[in-house]
Amino acid sequence: MSKALLFTVIAAVLLVGAFLMFARTASPQFGARAQALAGSAEMTSKSESRDLMQKGMKNFAPSDEADALPAPTLADAPSPSYEQSPPQDSEELGRAAPVLEKKRQEVIQIIKGGTSQPMAATPSPEPLPTGNTHAAERPNPFTLTSEDAFSTFAVDVDTASYALFRRYVNEGSLPPRDSVRVEEWVNYFKYRLPAPTKGDFHVDLEGTPSPFTQGRHLLKVGLQGRRLGRSERKQTHLVFLVDTSGSMDSPDRLPLAQRSIKLAVDGLNETDTVAITTYAGNVREVLPPTPASKRKQIFAAVDSLSSGGGTAMGDGLKLAYQQAVKNAGANVVSRVIVLTDGDTNIGRFRRADDMLESVRGFVQEGVTLSTIGFGMGNYRDDLMERLANKGNGNCFYIDSEKEARRVFQEQLAGVLEIIAKDVKVQVEFDKAAVRGYRLVGYENRAIADQDFRNDKVDAGEIGAGHTVTALYEVELTGAGAKVATVRVRAKAPSGTEAAEQSFSVSREQLRGKLAEASSDMRFATAVAGTADILRGAPQASDWSLAVAEDLAQKATDGMEDREEFVSLLRRVREAKMMNISSGRTPRGKTY
């Protein structure tokens, strides 16, 4: 057979294949399969699985990525069949068959709108969010005790939300409502609670009339964790997972992360170890586990980091956990610390659930996780908080070297060492004394009342020296001597069974006037009220920022962080007043 005839046959086959493929995909009248139009059984199964997964995560903030189903891929579509094939009686055509098949596949992919490369069996990646992202939470409702007298939640010592608020205000903006988590604002500040005389924490209870709603009271539940001296800490193995992608290329990101690591290393004991892994377009180990005493070697590794490329956070997280689990044990601290702007755009694990599933076994072996956020513009606040919650750790946001010192020097013991895990609080209100109540904050830490004593249900952790504060807004009936019973349940860091403590709140413990309350109580009330107003809680619609500012101003006690809050609140109030006087809506984000 001549070459001309051979090429003619090849061209004819290609044209026939193209025509048949076009006919099969363009119209059901030409044989398109029903499942290509309605979705295959495999696709349906994936959708149902995702829905079930989302329902199972109801106690934690949902990822905005989980709302959209992945687009169908070519792997889900039926493979075309071809009625004609090259003649097999020609030796020359037999040799040309591989070339013919390759060309035929190229035509098929072009017609389908794909590429000429073989298609992978994995689904297409889900669309990624852009800009700063936060998880929306509906504020807790006011609940009548006649309908439900119990309130149960997991403790939370994260502070990222307040640091983000400060960053937004310093840049001339009001914080997005979804970024405001009341408990993280309240727990950002220091409170002078008594140290525990026995056990891991002291429980402090206080009540006072509300400055915001006439006829209601505020009840504070405070927990103070025992403090540890540097020599009392367990041996620590840290794995720093540093985002070195292109988005980290600004002074408030990678350079600030590098300074943060150095501050943390300076606070470690000589027997502690440090490892550094990074992720960008790929993942790599920069520094194997190295004694903290070798600071020169560690700092050189930190200084060698540079930014560029994509963001394979999920792959980096798995590598870091693999390093950390090598040193995990009951008598040591093994922790992964992620330093990132939260962006993730490539790799096998991009959704929070996929990342956590890939390292679930390591978490169960005792490796804890802290997420440290940097930067603005593409910050994934929602992702950072979920990872920390499920990784049995905490979430911080660092907007300055001053905040880096606060996290990695002043609070290093609490960041590193957990003194109690799966800490749950349950408040049972006396129906005779309390008409209704509302927990201010902790929406994404809610736990079903019946799971309070279910020790298999995950809850929050308390680090050494950490303070946890929660505020309830309550409406009293005027009857009954006992207001509530507060129960706290927690496990030892390596324990599996929880111990429980119980405390009563009597009417006599409630202050008669707000002025009689402690400065800690008054300041916490001002902070919680401000946060509730700025997040647009319906119950705080008629609350006043002026009242909050006056209350906070009189309760600073000369503390620098409290005075800074008053300054920020004053700027927020001035901005809102300017917006109103200029005719702009006070709900605008910028000023």
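This is a predicted model: local features need pLDDT of at least 70, side-chain atom pairs count only at pLDDT 80 or more; totals for chains, interfaces and linings use all residues.
Start with the cores. The largest nonpolar core has 40 residues. Which residues have the most contacts inside it? They are Y162, F165, W185, F189, F523 and F565. Five elements are on the next list. α5 (160-170), α6 (182-186), α15 (519-534), α16 (545-553) and α17 (560-581) each give two or more residues to this core. The top contributor is α15, with nine residues.

Now helix α7, residues 254-266. It has 13 residues. From first C-alpha to last, α7 reaches 19 Å, close to the 18 Å expected. Its buried residues are L254, L256, A257, Q258, S260, I261, L263, A264 and V265. What covers them? The cover includes strands β5 (235-243), β6 (273-279) and β8 (332-340). Helices α8 (295-303), α13 (401-410) and α14 (412-416) are also part of that cover.

Last, N140. It is in the loop between α4 (91-112) and β1 (143-144). Buried or exposed? N140 counts as buried, because its relative accessibility is 17% and the cut-off is under 20%. A polar atom of the N140 side chain lies 2.9 Å from the backbone oxygen of L439. Beyond four places in sequence, N140 is in contact with R438, L439, G441, E443 and Q539.

Definitions and conventions
Residues are numbered from 1 along each chain as its sequence is written. Side-chain values use heavy atoms; hydrogens and water are left out. Helices (H or I, at least four residues) and strands (E, at least two) are DSSP runs, numbered from the N terminus. Buried means under 20% relative accessible area, exposed over 50%, partly exposed in between (1.4 Å probe, protein chains only). A polar contact is a pair of N or O atoms within 3.5 Å; within protein, one must be able to donate a hydrogen and the other to accept it, and residues adjacent in sequence count only if both atoms are side-chain atoms. Contact means heavy atoms within 4.5 Å. The expected span of a helix is 1.5 Å times one less than its number of residues. A nonpolar core is a set of buried Ala, Val, Leu, Ile, Met, Phe, Trp, Tyr and Cys residues joined through side-chain atoms within 4.5 Å.
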